[in-house]
Structure formats: C-alpha cells, structure tokens
Amino acid sequence: MLPDQQARMDEKIAAHITAHIGVPGALMPLLHAIQDDIGYIPEECYKSISKSLNLSVAEVHGVVTFYHHFRSHAPGKHILQICRAESCQSMGSESLEQLAKSKLGVDYHQTTDDGAITLEPVYCLGNCACSPAVLMDDQVYGRVDAVLLDAIIAEARESA
C-alpha cells in the first residue's frame, strides 16, 4: 500500500473510532463501520481501538477472529459467500464449496491470485426455500447448481 493510501486509511479508522467513543457496546458497531468503509479491519488498528474503548488488544482480536463476517486482510474485488447452513447443506452446498474452491484455486478466507474474488463461508442467507444459496457481493442467488456457479464466477472475473 502506498504511503498516501495508508494515511487515508488511518484517517478513516481514526474518524470511526472517534465517532464510537462513549457509545455503549461500541466495539461491534465500530468494527462493522471500519469494515464497511475500507473492506476489512487491519490488525494494525487493534491497539488504537483497544486504547480508545478501554479494552485489551486481545479482546479486540478475539472479536474480529470469532465472527466469520470480519476480515483482517483486504478482500478481492468481489466476495463470493457460500451458505453453509443446514438447509443449503442438505441441498448440495458442499459440492458447490468444492467446485468453487477448485475453480478459484483458494480455500475459505482466501483471495484469488489476481485479486478478483475472495471466497467466504456464510451461515445463513435467509434464502432457505431456494437452497442452496450463494451471495456474490450484494446479490443473492438461489437454487445454485454447478452451471449457475460457473456463470457467477465468470461474470465476476470479467468485471474484475
């Protein structure tokens, strides 16, 4: 990351921290705000978060690593999430997981070498009636099979 990009990111994080100081239960909303703004929660900011909210660095790290939603590294241009809830598993999401991992050459929480797609698990998309489901960026897809998953990945790669 270039120094000016790092400085802008640090400014954004500092602004989010300032906005959440004094808010009861501020850690979760603060982490969401940071990730929504810059795409992930850099480990380098744990110390300033912990100091500002009177928490230990271990507490901040524990929350970030406990919740699958939070990322500690920059994601790819597109984020593909495959539902792993019971309904989707019963309808074949495990085979979609294997197909996605094979096609992308990554495992969960990893990004393709070209930076195009990050693969992540999700534990319910609320689309159980149309299982198995995946989420590409903000678009939910239901009744996903190998052909549809291939098309979703291909479209994301084309736009990356």
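This is a predicted model: local features need pLDDT of at least 70, side-chain atom pairs count only at pLDDT 80 or more; totals for chains, interfaces and linings use all residues.

Reader: What does the C-alpha trace of the chain span along its principal axes?

Author: The chain has 160 residues, and buried ones make up 39% of them. It exposes about 8,800 Å², with carbon and sulfur atoms supplying 53% of that. Along the principal axes, the C-alpha trace spans about 50 × 35 × 20 Å.

Reader: Among contacts between residues at least 6 apart in sequence, what share joins residues at least 24 apart?

Author: A contact here means heavy atoms within 4.5 Å. Taking the contacts between residues at least 6 apart in sequence, the share that joins residues at least 24 apart is 61%.

Reader: How far apart do the centres of the positive and negative side chains lie?

Author: The chain carries 11 positive side chains and 21 negative ones. The centres of these two sets lie apart by 2 Å.

Reader: Which residue forms a salt bridge with Glu97, and is Glu97 buried or exposed?

Author: The closest N and O atoms of Glu97 and its partner Arg84 are 3.3 Å apart. Glu97 lies in helix α6 (residues 93-104) and Arg84 in the loop between β1 (78-83) and α5 (86-90), so the pair ties together parts 13 residues apart in sequence. Arg84 is partly exposed, with a relative accessible area of 27%. For Glu97 the relative accessible area is 4%, so with partner Arg84 named, the word for Glu97 is buried.

Reader: How many residues apart in sequence are the parts that Arg157 and Asp114 tie together?

Author: The side chains of Arg157 and Asp114 meet in a salt bridge at 3.1 Å, N to O. Arg157 belongs to helix α7 (residues 146-159), while Asp114 is in the loop between β2 (110-111) and β3 (117-122), so the parts they tie together are apart in sequence by 43 residues.

Reader: Which residues does Gln35 touch, leaving out those up to four places away in sequence?

Author: Gln35 is found in helix α2. Its relative accessible area is 4%, so Gln35 is buried. Leaving out residues up to four places away in sequence, Gln35 touches Tyr40, Ile41, His69, Phe70 and Arg71.

Reader: Where does a cis peptide bond join two residues?

Author: Most peptide bonds are trans. Here omega is about -5° for a cis bond, and its Pro132 lies in the loop between β3 and β4 (134-136). The residues joined by this cis bond are Ser131 and Pro132.

Reader: What is the phi of Asn54 near?

Author: Most residues other than glycine have a negative phi. Asn54, in the loop between α3 and α4 (57-66), is exposed at 71% relative accessibility. Its phi is positive, near 60°.

Reader: Finally, how far apart in space are Gly25 and Arg143, C-alpha to C-alpha?

Author: Gly25 is in the loop between α1 (3-20) and α2, and at 62% relative accessibility it counts as exposed. Arg143 lies in the loop between β5 (139-141) and α7, and is exposed with a relative accessible area of 58%. The two are 118 residues apart in sequence. In space, C-alpha to C-alpha, they are apart by 38 Å.

Terms used:
Residues are numbered from 1 along each chain as its sequence is written. Side-chain values use heavy atoms; hydrogens and water are left out. Buried means under 20% relative accessible area, exposed over 50%, partly exposed in between (1.4 Å probe, protein chains only). Accessible areas come from the Shrake-Rupley method with a 1.4 Å probe; for residues, only the protein chains shown count as cover. Lys and Arg count as positive and Asp and Glu as negative; His and the chain ends are not counted. The place of a charge is taken as NZ of Lys, CZ of Arg, CG of Asp or CD of Glu. Helices (H or I, at least four residues) and strands (E, at least two) are DSSP runs, numbered from the N terminus.
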